[in-house]
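Visitor: Please bring up the model. I would like to go through some local details.

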Amino acid sequence: MISTIGVTKAGTGLDGIAWNVVGHTYRPVFRSKDAFVWSAVMPAGTFVPPHIHPLQDEWLTLMSGEMDVEIGDGKLTATTGDTIRLPRGIAHGLFNRSGGETTAVFGVAPTGKLFDLFAALHGVSDPQELVSLSAAHDVQFLPPKP
């Protein structure tokens, strides 16, 4: 499915798609070969473990809430309205430690295999399966820090 002219209404996804990925709800809102954009609802206490997109630049704009970002060797905090820039090839992890729900709009360029990865990860709870599926879709999760 490639996006066509039109409007993706708030709270909906293309073709009604909503994925549960690592406790977050992701809804695709735009997709072409050059870019993929999705909305996300991230409950308090959820996170995306540190990982690398070797072939994609990623960004997200917080629509509400707060997000801690571990990128490279640094740590940043973003709040409502801020945009987080995550260049390809640099390890990053996202953590909602705010105590409340955070919502965001994410994007990657180029699209690569990320749309297909989210479809494959929908409902997956086994960490090993998550890592294996991600690696097959050009996302490399890092081992936990000691």
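**Loops and a helix pair**

Guide: Val-22 sits in the loop between β1 (19-21) and β2 (24-31). Strands here are DSSP runs of E of at least two residues, helices are runs of H or I of at least four, and both are numbered from the N terminus. This is a predicted model: local features need pLDDT of at least 70, side-chain atom pairs count only at pLDDT 80 or more, and totals for chains, interfaces and linings use all residues. Residues are numbered from 1 along each chain as its sequence is written, and side-chain values use heavy atoms, with hydrogens and water left out.

Visitor: What is phi of Val-22 near?

Guide: Val-22 is a residue other than glycine.

Visitor: Is Val-22 buried, partly exposed or exposed?

Guide: Buried means under 20% relative accessible area, exposed means over 50%, and partly exposed lies in between (1.4 Å probe, protein chains only). Val-22 has 26% relative accessibility, so Val-22 counts as partly exposed.

Visitor: Which backbone oxygen does the side chain of Thr-111 reach?

Guide: Thr-111 lies in the loop between β10 (102-109) and α1. It is buried, with a relative accessible area of 3%. A polar contact is a pair of N or O atoms within 3.5 Å; within protein, one must be able to donate a hydrogen and the other to accept it, and residues adjacent in sequence count only if both atoms are side-chain atoms. At 2.8 Å, the side chain of Thr-111 reaches the backbone oxygen of Ala-35.

Visitor: What is omega of the cis peptide bond that joins Ala-109 and Pro-110?

Guide: Pro-110 is also in the loop between β10 and α1. The cis bond from Ala-109 to Pro-110 has an omega of about -10°.

Visitor: Why are α1 and α2 described as roughly antiparallel?

Guide: Axes are lines fitted to C-alpha atoms, for helices over the stretch in contact, and angles run from 0 to 180 degrees between N-to-C directions. Under 35 degrees counts as roughly parallel, over 145 as roughly antiparallel, 65 to 115 as roughly perpendicular and the rest as oblique. The axes of α1 (residues 114-121) and α2 (residues 127-136) come within 9 Å and cross at roughly 160°. The pair is therefore roughly antiparallel.

Visitor: Which residues of α1 and α2 make the contact?

Guide: Contact means heavy atoms within 4.5 Å. From α2 come Leu-130, Leu-133 and Ser-134; from α1 come Leu-117, Ala-120 and Leu-121.
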